[in-house]
Amino acid sequence: MRDETPEQPAPLRSGYTTGSCATATSLAAARLLLAGVVSDVAEIVLPKGQLVPMPLVFCRRTDDGAEAGTVKDAGDDPDVTHGAVVFARVRLLPQPGVVFRAGPGVGTVTRAGLTLPVGEPAINPVPRRMMTEHLAELATEHGYAGGFEVTVGVEGGEALALKTMNPRLGILGGLSILGTTGIVRPFSCSAYIASIHQGIDVARANGYTHLAACTGNASEDAMRAHYGLPDIALIEMGDFVGAVLKHMKRAPVERLSVCGGFGKLSKLAAGHLDLHSRHSSIDLDSLASWAAQEGADADLQQAIRGSNTSQQAVALAHARNVPLADIVCAHALAVARDIVPPQVEIEMFAIDRAGTLIGRAR
């Protein structure tokens with residue numbers, strides 16, 4: 001468990017990726033085999049050149065090799081793997097090179113569209129390169145001409161993976177070993193956006209031409225019920241609608257349905273591509289102006305401007321037969337249309353808090 005947040009604000013602390021953990025532990029296990037040294041710290045070099053000492057919780061021989069483990073420290077990022085033990089088991093091989101295996105808690109790729117082929121352990125390219133480079137340097141240092149089999153695992157990883165996008169991406173049996181810089185930046189958006197892009201790429205690679213990008217569970221349920229789409233075609237975009245729309249330029253599909261709560265769709269309608277409250281807010285004045293263009297009288301416009309929430313505004317409009325949800329969807333569609341390539345058919349859906357479809361534009 002993390003310590004309680006201090007009352008005085010302080011800079012957020014960075015942490016280390018599972019890729020860094022795997023590199024440190026595989027290096028320590030291999031050093032035990034080649035040099036007989038039991039390490040309590042493994043020093044590794046990150047992709048951008050930083051030298052990092054990583055403490056180990058065990059480093060010991062096994063029946064056919066050696067293993068080492070470290071506790072994943074994600075810093076102040078709410079990472080699902082924070083506090084988990086990441087370990088590597090190493091065996092020596094007669095032929096040079098490194099062979100990677102998925103240990104307990106690490107998944108296996110079962111669908112096309114990811115950076116790794118089907119059947120490979122979910123150990124991403126940069127962590128593989130980090131481990132390979134560190135083990136090669138160690139082998140040279142000790143005059144060793146053979147290779148290494150590296151099995152990476154995460155204690156409790158199979159259960160933790162259920163809290164991630166891995167099952168939907170077709171990575172089964174556990175977590176992915178990730179990282180491009182070796183460092184976890186607290187509250188970074190990059191990992192979430194990368195998972196959005198992965199979701200689109202995997203769906204396309206598996207032949208799905210109609211995708212639905214959804215802001216949350218309720219909008220996913222609405223699209224699942226409306227179109228009967230499988231989970232692989234449902235893209236959990238959260239607030240990052242811009243990440244979906246821009247990715248269509250590189251990875252277009254035949255049809256894209258975007259579904260979200262009325263309030264979030266109204267932000268897109270106003271031109272915002274990040275729908276989080278930190279970056280955009282609901283513009284009641286715009287809602288009133290759009291309603292006026294469809295016949296709302298002065299009293300209704302004033303009531304919309306004075307609404308406490310967007311849900312109240314849309315309820316007031318619909319009670320007066322002004323289809324404000326459809327209007328907002330039409331404006332959101334116009335914003336998206338300026339980004340998405342013309343060959344992609346796009347449509348917008350708005351839901352209320354109960355998850356009921358209340359607006360649509362094609």
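Predicted model: local features only at pLDDT ≥ 70, side-chain atom pairs only at ≥ 80, totals over all residues.
Which residue forms a salt bridge with aspartate 221? The partner is arginine 224, and the closest N and O atoms of the two are 2.7 Å apart.

Arginine 224 is partly exposed, with a relative accessible area of 30%. Aspartate 221 is also classed as partly exposed, at 45%. The contact does not stand alone. Asp221 and Arg224 belong to a network of salt bridges that also links Arg168, Glu220 and Asp231.

The structure holds 20 salt bridges. One of them joins the side chains of aspartate 201 and arginine 250, at 3.2 Å from N to O. Aspartate 201 lies in helix α5 (residues 190-205), while arginine 250 lies in the loop between α7 (241-247) and β16 (255-261), so the bridge ties together parts that are 49 residues apart in sequence. The two ends differ in setting. Aspartate 201 is buried, with a relative accessible area of 17%. Arginine 250 is exposed, at 58%.

Another salt bridge pairs arginine 360 with glutamate 347, and here the closest N and O atoms are 3.0 Å apart. This pair links distant parts of the chain, 13 residues apart: arginine 360 is in strand β18 (residues 357-361) and glutamate 347 is in strand β17 (residues 345-351). Arginine 360 is partly exposed, with a relative accessible area of 33%. Glutamate 347 is buried, at 0%.

Strands β17 and β18 lead on to a sheet. It is open, has 5 strands and mixed pairing, and its order is β15-β14-β16-β17-β18. β15 (234-236) and β18 stand at the edges with a single partner strand each, so one side of each has no neighbour in the sheet. On average, neighbouring strands of this sheet are turned by 20° against each other, direction ignored. Strand β14 (residues 210-214) runs parallel to β16, and 5 bridges join the two. Alanine 213 has valine 258 in β16 as its bridge partner.

How many disulfides does the structure hold? The count is 0. The cut-off for a disulfide is 2.5 Å between the sulfur atoms. Seen from the other end, the nearest cysteine sulfur to cysteine 259 is that of cysteine 214, and cysteine 259 is in no disulfide. Cysteine 214 is buried, with a relative accessible area of 0%. Cysteine 259 is buried too, at 0%.

Strands β2 and β3 form it, with 5 residues between them. In the turn, glycine 49 has a positive phi of about 100°. Strand β2 (residues 41-45) and β3 run antiparallel and are joined by 5 bridges. Alanine 42 has methionine 54 in β3 as its bridge partner.

Which side chains of β3 are buried? Along this strand (residues 51-55) the side chains alternate. Val52 and Met54 point to one face and are buried.

Definitions and conventions: Residues numbered from 1 in each chain as written. Heavy atoms only, no water. Buried < 20%, exposed > 50% of the residue type's maximum accessible area, 1.4 Å probe, protein only. Helix = DSSP H or I, 4+ residues; strand = E, 2+ residues; numbered from the N terminus. Pairing = 2+ DSSP bridges. Salt bridge = Lys/Arg side-chain N within 4 Å of Asp/Glu carboxyl O. Axes fitted to C-alpha atoms, helices over the stretch in contact; angles between N-to-C directions.
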